[in-house]
Amino acid sequence: MKQYKAYINGQFRNSSNHTWIDVFYPATGKLVGQVPACSKEDTEEAIESANKAYKQWRTIPSYQRAEYLLNFLTLMKNEEHLHDIAQAITLEMGKPLSQAKSEVYYAAELGEYQTQWARRIEGEIVDSDNSNEKILTYREPLGVVVAIVPWNFPIYVLIRKIVPALVCGNTVVIKPSVKSPMSALELAKCIDQSGLPKGVINIVTGLDEVVGETLTSSNQINMVTFTGSTKVGKRIMEKCARNMVRVSLELGGKAPAIVMEDADLDLAVEAIKGGRLSNSGQVCNNTERVYVHHSIKEEFTKRLLKRFQEVSIGDGLKNPDVEMGCLISPQDVQRVHAMVQEAVQEGAEVLCGGEPLKELGESFYPPTLLDRCTQSMKIVHEEIFGPVLPIITFDTLEEVIEMANDSKYGLTSNVYTNNYKYVMELTTNLECGEVYVNRQQGEAYQGFHAGWKQSGIGGDDGKHGFEEFMQLKTVYLKY
């Protein structure tokens, strides 16, 4: 068992109240670590440290800020650090070790891409209505950015948020999820060794009602960037509204996959299988429901069922290359299973899975395929966040567009067809921030990951995600 320290103002330290949060490995239930349960005072000190560091950090040329971050990202990819961070991810949330290592590596790659924007911060000069005057519009940093990080991708999402924020000239306070706090504190070792000025990055672990409340209620912060559930996102937005603090919220999803009658079934089956079961179904943009044209439904279902049944499941620490590990907790297994049982009561048929894998442990649930589902079922509308996929049939393009849009969420969707008209109709009419055509979902560094409806406000990645962390200033220059 490891005991960690928070990282405030360039120092590793215990909480001022000397209390701890236990972290358990969900695959076995074993206690694997403890992190500080930081107090309100600790959190306020982290904010103060970030504010103090901001005054100097914002004056450093952006390309030099990027060089600091490249030093940090290089340390992340060092074999020893990469292994330690990845092992912490596996132990805290159950992701198989090989997948956790990929998360850390590609997080560093994403960060390296984001540093390239350092020399691409641009403004405008426009003509004035007045003689002898120019109007200058340019971008400046915001100040202190609070990054509240989810448990399912605790390092990738953390890097996705803090690197552009820092390149833009902001300083950051990070709050990891209480469910997966260790990996961020392993990452703090890289931060500490990178030469970054103290106070530029601070990491406080602790309870949402203490640390989260203090951060989102503070009038000393300038932005909160959050990835997580819609329910929590709404609470954060309410808190931040009191002080007019900017928010960027990437929230829940209920992604539909649409399989048209002309689709390449081998491609669709493989993409949907991966798109539903990656990270044990615990991804906001995972395929959560699949709509299949009635003419190919039987063949599609047969092929997808075979692939679901072939998935290897197990302890991702003992078997690093296993396809699917456990869920984050026994409570999540119970929640997912209750949704399956309710769907069965409403008329769904379980084709595979459907029962907790108690022989593996309390946190394991198998790939589960549900047939005979209808649009009115709760499982077709509520986010499952587990390895369960309901199948619904349709007859016409208009019908499937209506069903796919019949959701409070609008994060991602998937389309499988080789018909140009179908592609154009679907990509034009689906109400979501991202549409993936003939491929599994998974955003590119240079894209823009953002949701519509109750899936969020603002977004991450690429030019548009980078510019989230700046504000515009206009100067009227008379000469």
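1. Start just past helix H9. There, Asn279 takes a positive phi of about 55°. Helices (H or I, at least four residues) and strands (E, at least two) are DSSP runs, numbered from the N terminus.

2. A word on the basis. This is a predicted model, in which local features need pLDDT of at least 70, side-chain atom pairs count only at pLDDT 80 or more, and totals for chains, interfaces and linings use all residues. Residues are numbered from 1 along each chain as its sequence is written, and side-chain values use heavy atoms, with hydrogens and water left out.

3. Now H9 itself. The helix has 13 residues, which should span 18 Å at 1.5 Å a residue. The expected span is 1.5 Å times one less than the number of residues. The end C-alpha atoms of H9 are 18 Å apart, which agrees. At the start of H9, a side-chain oxygen of Asp264 comes to within 3.2 Å of the backbone nitrogen of Asp266.

4. Is H9 enclosed or open? Ten of its 13 residues are buried, so the helix is largely enclosed by the rest of the structure. Buried means under 20% relative accessible area, exposed over 50%, and partly exposed in between (1.4 Å probe, protein chains only). Among the buried residues of H9 are Leu265, Val269, Ile272 and Leu277. Lys273 and Arg276 are also on that list. The buried residues of H9 pack against E13, E14, helix H10 (297–309), E17 and E19.

5. Seven strands make an open sheet with mixed pairing, in the order E15-E16-E17-E14-E13-E19-E20. Two strands pair if DSSP finds at least two bridges between them. Strand E15 (349–352) and strand E20 (434–437) are the edges, each pairing on one side only. Neighbouring strands of this sheet are turned by 25° against each other on average, direction ignored. H9 (residues 265–277) packs on the sheet and touches strand E13 (255–259), E14, E17 and strand E19 (412–416). The direction of H9 makes about 160° with that of E14. Axes are lines fitted to C-alpha atoms, for helices over the stretch in contact; angles run from 0 to 180 degrees between N-to-C directions.

6. Look at one strand pair in that sheet. Strand E14 (residues 287–293) and strand E17 (residues 388–394) pair in the parallel sense over four bridges. Tyr291 stands opposite Ile392 in E17. At 3% relative accessibility, Ile392 counts as buried. What does Ile392 contact, leaving aside its neighbours within four places in sequence? The partners are Arg289, Val290, Tyr291, Val292, Cys373, Val380 and Met403. Contact means heavy atoms within 4.5 Å.

7. Three strands form an open sheet in the order E1-E5-E4, with mixed pairing. Strand E1 (2–3) and strand E4 (20–25) are its edge strands. E4 and strand E5 (residues 30–36) pair in the antiparallel sense over six bridges. The bridge partner of Asp22 is Gln34, in E5. Helix H3 (residues 79–93) lies across E4 and E5, at about 90° to E4. Helix H6 (residues 182–193) lies across E1, E4 and E5, at about 60° to E5.

8. How many salt bridges are there? The count comes to 33. A salt bridge is a side-chain nitrogen of Lys or Arg within 4 Å of a carboxyl oxygen of Asp or Glu.

9. Glu186 pairs with Lys189, the closest N and O atoms being 3.1 Å apart. These residues are three apart, about one turn of the helix. Glu186 is buried, with a relative accessible area of 2%. Lys189 counts as partly exposed, at 32%.

10. H10 holds another. Glu299 forms a salt bridge with Arg303, with the closest N and O atoms 2.8 Å apart. Both lie in H10, four residues apart. Glu299 is partly exposed at 31%, and Arg303 is partly exposed at 29%. Asp266, Glu299, Lys302 and Arg303 are linked in a network of salt bridges.

11. Last, a salt bridge between separate elements. Lys453 and Glu431 form it, their closest N and O atoms being 2.8 Å apart. Lys453 lies in strand E22 (residues 452–453) and Glu431 in the loop between helix H13 (420–429) and E20, so the pair ties together parts that are 22 residues apart in sequence. Lys453 is partly exposed at 36%, as is Glu431 at 34%.

Terms used
A polar contact is a pair of N or O atoms within 3.5 Å; within protein, one must be able to donate a hydrogen and the other to accept it, and residues adjacent in sequence count only if both atoms are side-chain atoms.
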